Amino acid sequence: MNGADPSTVAFMGGALTAGYAIAAIFFLKFWARTRDLLFLVFAAAFMMFAINQAIPVLLGIPQEEQSPAYLFRLAGFVLIIVAVLVKNAGGRKEP
């Protein structure tokens, strides 16, 4: 974000981090209710998204896509993809 006000960048980073953390908490709530592993994986992925959003702001990294912190986002998406594939690979049982 070249030319952006640092306080605005920090505010938006904090808001996104909080949003991702809240989503993770909701998925943990759904997992506790259903014990479905998919919800637990989604909670972990959203916490990785929150970490990915917080690290550049906390460390003052100007371009997050060029930092190693971006790997948290990649890991979160890989977790989601693998979880969905595993969930769908179970196959449907005929009644």
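Let's start with Phe46: this residue counts as buried, because its relative accessibility is 18%, and buried here means under 20% relative accessible area with a 1.4 Å probe, protein chains only. Keep in mind that this is a predicted model, where local features need pLDDT of at least 70, side-chain atom pairs count only at pLDDT 80 or more, and totals for chains, interfaces and linings use all residues. Residues are numbered from 1 along each chain as its sequence is written, and side-chain values use heavy atoms, with hydrogens and water left out.

Phe46 sits in helix α2, residues 37-59; helices are DSSP runs of H or I, at least four residues, numbered from the N terminus. What does Phe46 touch, not counting residues up to four places away in sequence? Tyr20, Ala23, Ala24 and Phe27, with contact meaning heavy atoms within 4.5 Å.

Phe46 also belongs to the largest nonpolar core, which has nine residues, among them Ala23, Ala24, Phe27 and Ile80. Such a core is a set of buried Ala, Val, Leu, Ile, Met, Phe, Trp, Tyr and Cys residues joined through side-chain atoms within 4.5 Å. Helices α1 and α2 are the elements that give two or more residues to this core, and α2 provides the largest share, five residues. Ala45, another core member, is in contact with Gly76, Leu79 and Ile80, leaving aside neighbours within four places in sequence.

Over to Thr17, friends, in helix α1, residues 6-34. Thr17 is buried too, with a relative accessible area of 18%. Thr17 touches Ala50, Gln53 and Ala54, again not counting residues up to four places away in sequence.

Definitions and conventions. Buried means under 20% relative accessible area, exposed over 50%, partly exposed in between (1.4 Å probe, protein chains only).
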